[in-house]
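Dear colleague,

I am passing on a structure that I would like you to look over, and my notes on it follow below.

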Amino acid sequence: MAVLAAQHDDFPRWYQDVLTKAKLAENGPARGTIVIRPNGYAVWERMQAEIDARIKAAGAVNAYFPLLIPMSFFEREAEHVEGFSPELAVVTHGGGKELSEPLAIRPTSETVIGEYMAKWIDSYRDLPLLLNQWANAVRWEMRPRIFLRTTEFLWQEGHTAHATQLQAREYARRILREVYEDFMRNVLAIPVIVGRKTVRERFAGAANTMTCEGIMRDGKALQMGTSHELGQRFSRAFSITYTTADGTVENCWTTSWGSSTRMLGGLIMCHGDDHGLVLPPAVAPVQAVVVVVKESDGAVARTASVLVDELVAAGIRTRLDDNASQGFGWRATEWDLQGVPIRIEIGPRDVADNAATLYRRDTREKSTVALDRVADEVRRLTEDIQAQLLAAATARRDDVIAECATLEDVREAGQTGVARVPWELVGEAGEVELAASGLTVRCLQHSNGSLPESDDDAGVLAYIARAY
């Protein structure tokens, strides 16, 4: 029977135990690479489907761009290449020969997509151009950790071009709020803090970076999705221009935005407990498992099979576990590890009583329900579990946020949680000072939760924490 390290004793070990024993992922053969096992990839597929639907609702369409990017593309935007140089993996040989120009393995695609935007955009009628791609990316990682920081990872990256700065700004914020924040709160049940990055934490080459920050059970922050206003830097570097209705030629205003398999790490660390993974029903590949506890003459398996069909017909993603030859305790532990939200237990006595036992993974509570009411009760439970997980995560997040008035207060609060402090008391000098203690400004936000319009907005609060 699987045993996990206790979260409060050794959170990193607990996290690694969940990855291994819930069969989610493991290290690949090359340092920093990752093998995502079927259990983990099934969750990623659910994430993809939910995010992709939201991206398309925002008007973007999917495309695909090359993995190999000429180094000269990066060199056109100085700040971008400087920011990514330490992370680049570069191909110098191919076909047994040295290449005439080295090729970077895609760390992000602003440069190559910018090259093609310049070809595809001619006039104002071609705008806005709203593109997204699902792909892998490679950033050389010195301290890899599965899902959180790996050399290769899976993600989506959106890239758009607009006629005006206002249109680009509004779209970047729409993605932040309507795609990322909505998905993270309503599907992952993670109450992210949404804010503006400081200049120090900004994406290389961006004029503004906005972020969704999740707070994990150990009090650390995890950047789970970002949206960037790129201004006209890339449009100038790649000649992304359009002809206006008046016949003048103008540079486009561009954005980029992305979320990755890092969200899987956030999902594990936000909701998981000492018994394993805890999945919100909205993202769970299997929302309910019907378990045959013990068999007598085949009646239990037949009843369980009928119940599975009823649940599937009711729109519940359901699996049947009729392996009664294996001990029930072992199987129950395995389903707990994998985080299936609802377990429906049926044995000979249940069949005789025309009932089933329902177990909810989040609270580990059981109830007895008549067989003809199971589908309705499971539907109700999925909604309740989803809401309760968000409420519990919100309470944990709020409990570790401390109001601070000095840098010393921030250092103390940041040891175990999140410091919230007026940004004017920190400033760029304080940010550098705190970084020496391993603390970073995760984002800036107004007290009412709104995003600052500029780097100089007054009355802004800073959220400061240790981060993954």
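**Helix packing**

Helix 2 and helix 6 are roughly antiparallel to each other, and this holds for a model that is predicted. The reason is the angle: the axes of helix 2 (residues 38–57) and helix 6 (residues 165–186) cross at roughly 155° and come within 10 Å, and angles over 145 degrees count as roughly antiparallel. The crossing of helix 2 and helix 6 is right-handed. On the helix 2 side, the contact is made by Met47, Glu50, Ile51, Arg54, Ile55 and Ala57, which meet Arg174, Glu178, Val179, Asp182 and Phe183 in helix 6; the residues of this contact divide into 6 nonpolar, no polar and 5 charged.

**A buried leucine**

Elsewhere in the chain, Leu337 lies in helix 10 (residues 328–337) and is buried, its relative accessible area being 1%. The C-alpha atom of Leu337 is separated by 9.7 Å from that of Leu19, although the two residues are 318 residues apart along the chain.

**Cysteines**

How many disulfides does the structure hold? The number is 0, where a disulfide would require a pair of cysteine sulfur atoms within 2.5 Å. For Cys404, the closest cysteine sulfur is that of Cys443, at 15 Å, which is too far for a bond. Cys443 in turn is in no disulfide, since the nearest cysteine sulfur to it, in Cys212, is 9.1 Å away. Cys404 is buried, with a relative accessible area of 9%, and Cys443, at 0% relative accessibility, also counts as buried.

Best regards

Methods
Residues numbered from 1 in each chain as written. Predicted model: local features only at pLDDT ≥ 70, side-chain atom pairs only at ≥ 80, totals over all residues. Heavy atoms only, no water. Axes fitted to C-alpha atoms, helices over the stretch in contact; angles between N-to-C directions. Helix = DSSP H or I, 4+ residues; strand = E, 2+ residues; numbered from the N terminus. Parallel < 35°, antiparallel > 145°, perpendicular 65-115°, else oblique. Left-handed = near helix turned anticlockwise from the far one by under 90°. Contact = heavy atoms within 4.5 Å. Nonpolar A, V, L, I, M, F, W, Y, C, P; charged D, E, K, R; others polar. Buried < 20%, exposed > 50% of the residue type's maximum accessible area, 1.4 Å probe, protein only.
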